Amino acid sequence: MKLDLSNTFGEEKIECIKDRSLEALDKILNKSGEGSKFLGWVDIPTNYDIEEYEKIKECAKKVKESSEVFVVVGVGGSYLGSRAIDNSLKPYFSNNKEVELIYAGHQLSSTYMYELLEYLKDKDYSINVISKSGNTMEPAIAFRILKDNIEKKYGKEEARKRIFITTDESEGILKKIADTEEYETFVIPYNIGGRFSVFTAVGLFPLAVSGVNIDKLIYGARIGKDKYTTYSFEENIALKYATLRTYLHDSGRIIENLVIYEKRMKYISEWWKQLYAESEGKDGVGLFPVSSIFTTDLHSLGQIIQDGRKNIFETVISIKNPDKDILIEETKDNLDMLNYLSGKSIDYINKKAMYGTIFAHSEGSVPNIILEIDKLDEENIGELLYFFEMSVAVSGYMLNVNPFDQLGVEKYKRKVMELLKKS
């Protein structure tokens with residue numbers, strides 16, 4: 001991975017606050033900062049429970065043998081990580097016979113749930129319910145409905161073999177259900193919060209079922225750990241990214257737009273938004289994370305980014321080598337007047353569109369950070385996600401907040417429960 005800060009107007013200015021990022025990193029590595037009991041994610045790529053890891057592979061094999069569809073029931077960090085990686089690695093158009101991942105419990109649309117049950121009527125399927133407590137409303141409701149459906153379809157004994165629970169090791173509603181019904185279980189480590197849990201069974205089990213090489217994914221995260229825990233500010237681009245974001249935040253840039261030029265990465269953007277919003281957005285501070293798919297969204301958002309209020313900056317993810325490419329061929333009549341592109345590839349054109357947009361937005365006083373990855377595969381994605389995790393932990397401490405709690409989320413949950421009980 002490479003980080004280009006040349007279009008940000010702040011590359012030199014971050015030198016004056018880099019000590020704050022080093023102090024933040026020290027709090028993380030020495031577990032001396034607020035929320036330090038939730039730092040298990042830092043070492044997970046090199047300190048994984050091997051027995052649990054092998055169990056993930058064994059159960060994934062069983063699901064592949066028995067199911068066409070794997071329903072992942074969870075919300076927020078319980079599903080965004082696996083969806084981000086799975087979507088990024090699967091072809092756009094495919095008739096392959098891998099197990100299909102479908103998600104439930106991430107919304108309360110009655111139509112979605114009804115149509116999901118209709119879709120599953122003619123499919124062999126299994127379920128993975130993911131929740132640390134088991135009392136989060138969306139997945140709890142979805143599981144109640146799906147549990148009833150799968151038991152009616154297969155009978156209670158066979159359904160028991162098709163239901164997998166990922167939850168707390170020792171307590172909570174879901175743990176109690178799993179013990180009572182004797183479901184196969186996986187552990188969400190007590191010291192890892194949901195939005196940092198992608199490299200635990202939360203993300204790894206669904207991904208193993210879908211055919212992702214989780215060995216390579218963890219290897220990429222391990223590379224990230226080696227790179228982004230070093231105290232060298234010049235070498236550690238996670239520190240540089242966190243420091244520049246903090247500088248821009250303090251300078252009045254209150255919105256960060258994560259830009260992708262490959263639509264398959266859409267759910268990496270969604271995962272990133274939760275990670276940064278819940279980690280930084282508290283005590284009246286924090287950057288508001290949004291995302292765009294260019295060049296598509298240039299035809300709707302480009303105008304306001306270019307000429308609107310200057311309270312935004314962009315982080316652009318560039319993929320150096322695409323999975324596939326197509327050359328533009330010359331035509332004799334040149335009716336579309338595009339022969340000047342003959343011999344050039346679509347990816348080449350996409351890259352020119354990317355740099356042209358970066359330069360235009362920069363000239364319009366919108367700073368642009370460029371984060372380049374070599375290609376979209378398990379190893380690079382593993383490193384990328386670890387990079388973002390470390391960066392947000394550093395920037396959270398630089399903003400003087402606890403990056404590992406989310407008390408604001410709990411407030412709306414309580415209000416919803418109050419309204420439901422009143423009705």
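**A salt bridge with a buried end**

I began with E181, which counts as buried because its relative accessibility is 14%. I kept in mind from the start that this is a predicted model. E181 forms a salt bridge with K156, and I read 3.3 Å between the closest N and O atoms. The two come from distant parts of the chain: E181 belongs to helix α7 (residues 173-181) and K156 to helix α6 (residues 156-162), 25 residues apart. At its own end, K156 is partly exposed, with 40% relative accessibility.

**Other salt bridges**

How many salt bridges does a search of the whole structure find? I got 28. I looked up D215 and K57, whose side chains meet in a salt bridge at 2.9 Å, N to O. D215 sits in helix α9 (residues 214-228) and K57 in helix α2 (residues 50-66), so this pair ties together parts that lie 158 residues apart in sequence. Both ends are partly exposed: D215 has a relative accessible area of 38%, and K57 has 30%.

Next I turned to K282, which forms a salt bridge with D405; their closest N and O atoms are 2.9 Å apart. This pair also links distant parts of the chain, with K282 in the loop between α11 and β8 and D405 in the loop between α14 (378-398) and α15, 123 residues apart. I noted K282 as buried, at 14% relative accessibility.

Then I went back to look for shared partners. Salt bridges that share partners join K147, E151, K156, E157, R160 and E181 into one network.

**The whole protein**

I stepped back for an overview and listed 15 helices and 10 strands. The radius of gyration is 23 Å, close to the 22 Å that the globule rule gives for 423 residues, so the protein is as compact as a globular protein of that length. The C-alpha trace spans about 65 × 65 × 45 Å along its principal axes. Of the 423 residues, 52% count as buried.

**Strand β9**

Is strand β9 buried or exposed? I checked residues 312-319, and eight of the eight are buried, so the strand is largely enclosed by the rest of the structure. I reminded myself that side chains in a regular strand alternate between the two faces of the sheet. In β9 both faces are covered: I312, E314, V316 and S318 are buried on one side, and F313, T315, I317 and I319 are buried on the other.

Which strands pair with β9? Strand β7 (residues 255-260) runs parallel to β9 and is joined to it by six bridges. V316 in β9 is the bridge partner of V259. Strand β10 (residues 368-373) also pairs with β9 in the parallel sense, again over six bridges. There, I319 has I373 in β10 as its bridge partner. I followed the chain from β9 through helix α13 (residues 346-363) to β10 and noted that this β-α-β crossover is right-handed.

Most residues other than glycine have a negative phi, and most peptide bonds are trans. With that in mind I went looking for exceptions.

D283 is not a glycine, yet its phi is positive, about 55 degrees. I found D283 in the loop between α11 (266-280) and β8, and with a relative accessible area of 66% it is exposed.

S365 is another non-glycine residue with a positive phi, near 65 degrees. S365 lies in the loop between α13 and β10 and is partly exposed, at 35% relative accessibility.

Where is the cis peptide bond I noted? It joins F294 and T295, with omega about 10 degrees. T295 is in the loop between β8 (288-293) and α12 (302-307).

**A nonpolar patch**

My last stop was the surface, where Y412, V416, M417 and L420 form a nonpolar patch. Together these four residues have about 340 Å² of accessible area. I picked out M417, which has its place in helix α15 (residues 407-422). M417 is partly exposed, with a relative accessible area of 36%.

Technical notes. Residues numbered from 1 in each chain as written. Predicted model: local features only at pLDDT ≥ 70, side-chain atom pairs only at ≥ 80, totals over all residues. Heavy atoms only, no water. Patch = residues over 30% accessible without salt bridge, like charges linked within 9 Å, V, L, I, M, F, W, Y side chains within 5 Å. Areas by Shrake-Rupley, 256 points an atom, 1.4 Å probe, with all protein chains shown as cover. Helix = DSSP H or I, 4+ residues; strand = E, 2+ residues; numbered from the N terminus. Buried < 20%, exposed > 50% of the residue type's maximum accessible area, 1.4 Å probe, protein only. Pairing = 2+ DSSP bridges. Right-handed = clockwise from strand over helix to strand, strands pointing away. Rg over C-alpha atoms; globule rule 2.2 N^0.38 Å.
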